[in-house]
Amino acid sequence: MAIERAAICTLAVSLFVTAMSPVVCAQQSGANQNSSTGQQNQQTPPPPPQNKQETPPNNLPNAPSSSSKPSLSDLGFGAEETKPDPKRQALLDRRTHMLKMHQRMGLITTIPMVATVVSSLGAGGRSTDRTSRDLHVALGALTGDLYGITAYYALRAPKPPGIETKGPIRFHKAMAWIHGPGMILTPILGALAFDQKSNGEKVHGIASAHGPVAIITAGAFGAALLSVSVKF
Amino acid sequence: MNVMIRNSIFFTLLIHVAAFGAADRQWVLEQSTLTYHVSHPLHQTEGVSRAARGKGACHEGQCDFLIAVPVESFHSGDSNRDLHMVQVTRGAEFPMVQVRTQLPETLAGSETIHADLEIQFAGQTAHYKQVLFQMTTQGNRVHISGTIPATLTEFKIDPPTLLTMPVKNDVPIRVEMIWRSQ
């Protein structure tokens, strides 16, 4: 008697499992829909119970059978993640364009900046050569103008919302807090020093900070440039 | 009588097992690490994503796989570079990288596989033939690793430049995946 019950149970389990099998389901579905067209087959409903676990409930009528190729919607990505966003792309394009200009102008600025530092050797101290001082002023002015353009592109470049700044760019930005004020202060102190020197005076007072401020500014600018160019 | 019933049980179980054996198998991507490598004269950079999702559906001895990963999920440790990567790969317009492949189900126990890959990325589709992957099976889990020899030109991506120097065209993508069968 017990063996008979076991046999019935086994048969029941077997039938249940067999019914759950997609192969058998597919065969059953094929047998039931002999007269249906292919299109109707696609609209015909409920997918095998096995597939219900794989697809979101709102997709049930279109749920792929286990025999179909997986699609992006099967992977569970949200619509927001897979939707094209042309506005964001345009914003990123503009940002990249402006930062490329920033990079290019920064590199160009480096040339007169180095030349200004080099020309300072003949412009200050005991030297009375006016030509050297004028050259130093001209190079400094050019550096200041190019620096202004470089800064403009960095400051005006749009930043997409929700982006946390990470990596060497943080150091690059931190350096701007040194070379930015330095690029304002250096020419002011330079103008004071130039006047004192032109009047035959020895550079004194706050004007004597022109040299050190300029060196710190140029150093911070160089460090900012290297931080995004060379991996430390 | 008992012998008949026993035979019946045995036969039923046999049918049951056979039905199960013939059933379509599904694979789900459980874990993954995808790493792209970019070479520049001044830099060697890697961007890593662990956000890939994948599924494989087997039918009549063939398994169709789809793996997808959001472009923005790759992080290199530099937010500026990552934003530039998304821009240059048109990642806002084409936010997903999709990889499709078809493999015979019989490969399940192999140590290596050569897969033909179709990759949709940056609005382009590229095909890679016979990409070698190493495979380790543990129970119902399969660990797959390999490198996809991707290049920028195949996806019509302008090579980004740093200090006017462009990055190399080769951008190999290291793949580490753990698949689970269902």
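Mentor: B:Thr35 has its bridge partner in strand 2 of chain B, namely B:Val48. Before going further, note that the model is predicted, that local features are described only at pLDDT of at least 70 and side-chain atom pairs count only at pLDDT 80 or more, whereas totals for chains, interfaces and linings use all residues. Residues are numbered from 1 along each chain as its sequence is written, and chains are lettered from A and ligands numbered from 1 in the order in which they are written. Strands (E, at least two residues) and helices (H or I, at least four) are DSSP runs numbered from the N terminus, and two strands pair if DSSP finds at least two bridges between them.

The bridge from B:Thr35 to B:Val48 belongs to the pairing of strand 1 (residues 26–40) with strand 2 (residues 43–49) of chain B, which run antiparallel and are joined by seven bridges. These two strands of chain B form a hairpin, with two residues between them.

Further along chain B, strand 7 (residues 124–138) and strand 8 (residues 141–148) also pair in the antiparallel sense, here over six bridges, and B:Thr137 has B:Val142 of strand 8 as its bridge partner. Strand 7 and strand 8 of chain B form a hairpin with two residues between them, and in its turn B:Gly139 has a positive phi of about 60 degrees. Strand 8 of chain B is in turn joined by eight bridges to strand 11 (residues 173–181) of chain B, again with the strands running antiparallel, and B:Arg141 finds its bridge partner in strand 11 at B:Arg180.

Two residues in the loops of chain B also have a positive phi, although neither is a glycine. One is B:Glu60, with phi near 50 degrees, which lies in the loop between strand 3 (53–59) and strand 4 (62–70) of chain B. The other is B:Ala122, with phi of about 55 degrees, in the loop between strand 6 (112–121) and strand 7 of chain B. What are their surroundings like, buried or exposed? A residue is buried if 20 or more other C-beta atoms, placed from the backbone, lie within 10 Å of its own, exposed if 12 or fewer do, and partly exposed in between. B:Glu60 has 9 other C-beta atoms within 10 Å and is therefore exposed, whereas B:Ala122 counts as buried because it has 20 C-beta neighbours inside 10 Å.

Taken as a whole, chain B contains two helices and 11 strands, in the sequence order α-β-β-β-β-α-β-β-β-β-β-β-β. Of its 182 residues, 31% are buried. With two residues taken to be in contact if their C-beta atoms, placed from the backbone, lie within 7 Å, residues 24 or more positions apart account for 57% of the contacts in chain B with a separation of 6 or more.

Chain A, by contrast, has nine helices and zero strands. There, 21% of the 232 residues count as buried, and residues 24 or more positions apart make up 65% of the contacts with a separation of 6 or more.

In chain A, helix 6 (residues 86–123) and helix 7 (residues 130–156) pack at an angle of about 160 degrees with their axes 8 Å apart, where axes are lines fitted to C-alpha atoms, for helices over the stretch in contact, and angles run from 0 to 180 degrees between N-to-C directions. Helix 6 and helix 7 of chain A are therefore roughly antiparallel to each other, the term used for angles over 145 degrees. A:Ile149 lies in helix 7 of chain A and, with 15 other C-beta atoms within 10 Å, is partly exposed. A:Ile149 and A:His102 are 47 residues apart in sequence but 7.9 Å apart in space, C-alpha to C-alpha.

Helix 6 of chain A also packs against helix 9 (residues 210–227) of chain A, at an angle of about 150 degrees and with axes 11 Å apart, which makes this pair roughly antiparallel as well. Their contact is made by residues including A:Gly106 and A:Met113 of helix 6 and A:Gly211 and A:Phe221 of helix 9.

Definitions and conventions:
Angles under 35 degrees count as roughly parallel, over 145 as roughly antiparallel, 65 to 115 as roughly perpendicular and the rest as oblique.
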